Amino acid sequence: MRILLLVTTFNSLTQAFYTRLKERGDEVAVAYAISESQMLEEIESFAPELILCPYLKAYLPPSIYERFPTYILHPGPKGDRGPHALEHALQAPKKMWGVVILRANAVYDGGDIYAQEPFAVRHTYKASLYRQEVVAASLKALEAFFVDLEEDRCEPQLLNPIHTQFTQKNRAINWQEDDTQTIIKKIYLSDSHPGVLDEILGVPCYLFGAWEEERFRGGIKEVLAKRDGAICLGTKDGAVWISHLKEPGRFKLPATYVLKERLQGVKEERLPLIFDRSYKTFHEVWMEQRDEVAYLHFNFHNGAMSAAQCIRLKYAVEYLQHECEVLVLMGGEDFFSNGIHLNILEDSKKQGEDGWENINAMNDLVRAILFADEVVTIASFHRNAGAGGVFLGLACDYVVAKEGVVLNPHYKTLGLTGSEYHTYLLPKRVGKEMAQGLLDACLPISTSYAKRIGMIDEVFESQAYQERLHIYALSKIDDDFLWDKQDFLAENAEHIEACKEAEIEVMYPEFWEEDSPFHQLRREFVYKVCPRETPERLQVKSKELRMKG
């Protein structure tokens, strides 16, 4: 079937739809909803049999839904209508929520429902609920949608009143009256967009990334401590960590990068290299051990990894390889990893120098994993990964993934050729021709497709994923494997390092030259500049772009 995804942007849910439809064997194209004329031109060029809108913020004109069968994914259950659906779900809070796929018509969220899927509302921040529960429920609804569509089975939407806009007045924190849990809940409602507008040390900013603190106490809104870019603020009944801030008109950064010299005299309250999570506080790196398997978690915001974070994780890998038989890299709560930290580079006054430091720190981390010859390493892609984050995982001896996860094994959309030993790691698994095809296509792929081409080793179902992963990890304990690994690395070390050296030689001008496309593309990415047209790689115009993934 020829299916067009009409979207505001190519976000995680859109990519999940894209890869799932590819798995079905459909011919899929994407069009951004920029203007009516542009949308019509791209729709008519593709001539879809139906249009799906998994993430659409704009109203659809009748010229589209009256001419083409068009269906919208709404992140709310039957009867829920209007914007900010997840804010209303979390504010209540609802124990259950859901998604529906409905036919587009002139009534706002009022068309007939062709599929619906409930999900439990986890206590978390809005973006995490969206990336996990909403995406998973939407993919289940997508399966039901095609069955109901074929049988022409639908039911009318309940035309309840459209719920009100969720404004900053609804989000605002009253620091004198709100307790810690209320403050965290308000930040959760607005994370990762638009944040809670507030003022910290005289700086107007939006707040993101709330963590409860169990030990520190102080005055209300007093900055009590800082750690790894986050700040700890006193509340009327405790304290709360805020990991990220965003000044109006700017972009999101670790809190200490925004407040800078205003934090003079505030102590850096460090944690052990690998935190045991014995009390509630802000932390990024921790380990869980079961039997002879260590699970290393690195929960970096949006999967972005600064030079300091890469170095910290490298030390953790080097330490843990002597403490277990199998080391499993778990990544974070919402992303495995997305590579270098573009927001910090954009903020830097020494972009070339800091970019060079970041990519070399990332390479040092990958090398520590590659050459960890005293332990079996496994990457767990149980969350999405992109760019250098994919190749970070491929540095492990074995790679497993959860069904429904999306991988983006490419760099070029940001004007980079990339490093992370990818010219060694990817061809080793899929061959040179396939490796170059993945890098050039700049398209997301499903974990099922990644397994078919040999890029990863196993894909486990979402249900009981952790248990399946543990059984798999235990099965890889093998002294003979480690002896062979040591011999292989000794014989091939020079070739492996030569691959990396060639990569960074190409990347050097991409960071240091002022006219490098990377600087403009990074700026547009960081500032979330609205696209002027649908990226060509997402439009089906030639056979080369019809990549099954």
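1. **Ground rules.** Residues are numbered from 1 along each chain as its sequence is written, and side-chain values use heavy atoms, with hydrogens and water left out. The model is predicted, so local features need pLDDT of at least 70 and side-chain atom pairs count only at pLDDT 80 or more, while totals for chains, interfaces and linings use all residues.

2. **Overall build.** The chain has 18 helices and 22 strands. Helices (H or I, at least four residues) and strands (E, at least two) are DSSP runs, numbered from the N terminus. The C-alpha atoms fill a box of roughly 65 × 60 × 50 Å along the principal axes.

3. Of the 549 residues, 56% are buried (under 20% relative accessible area, with a 1.4 Å probe and protein chains only). Take the contacts (heavy atoms within 4.5 Å) between residues at least 6 apart in sequence: 69% of them join residues at least 24 apart.

4. **Helix 17.** This helix covers residues 479–512 and bends by about 60° at Asn492. The bend is the angle between axes fitted to the seven residues ending there and the seven starting there. At the helix start, a side-chain oxygen of Asp478 comes to within 2.9 Å of the backbone nitrogen of Asp480. The buried residues include Leu482, Leu489, Ile496 and Phe511, and also Lys485 and Glu497. The packing partners of the buried residues are helix 10 (342–347), helix 11 (351–370), strand 17 (376–381), helix 13 (422–430) and helix 18 (517–526).

5. **Helix 2.** Residues 36–46 form helix 2, where Gln38, Met39, Leu40, Glu42, Ile43 and Phe46 are buried. These buried residues pack against strand 1 (2–7), strand 2 (27–32), strand 3 (50–53) and helix 3 (62–65). Ala47 follows the helix, and its phi is positive, near 55°.

6. Strands of a sheet pair through backbone hydrogen bonds, either parallel or antiparallel. Here an open sheet has the order 16-18-20-21, with mixed pairing. Strand 16 (335–337) and strand 21 (445–446) are at the edges with a single partner strand each, so one side of each lacks a neighbour in the sheet. Two strands pair if DSSP finds at least two bridges between them. Strand 16 and strand 18 (residues 384–386) run parallel and are joined by two bridges. Ser337 has Ala385 of strand 18 as its bridge partner.

7. **A helix on the sheet.** Helix 1 (residues 12–24) packs on this sheet and touches strand 18, strand 20 (406–408) and strand 21.

Definitions and conventions: Buried < 20%, exposed > 50% of the residue type's maximum accessible area, 1.4 Å probe, protein only. Polar contact = N/O pair within 3.5 Å; in protein donor to acceptor, adjacent residues only side chain to side chain. Axes fitted to C-alpha atoms, helices over the stretch in contact; angles between N-to-C directions.
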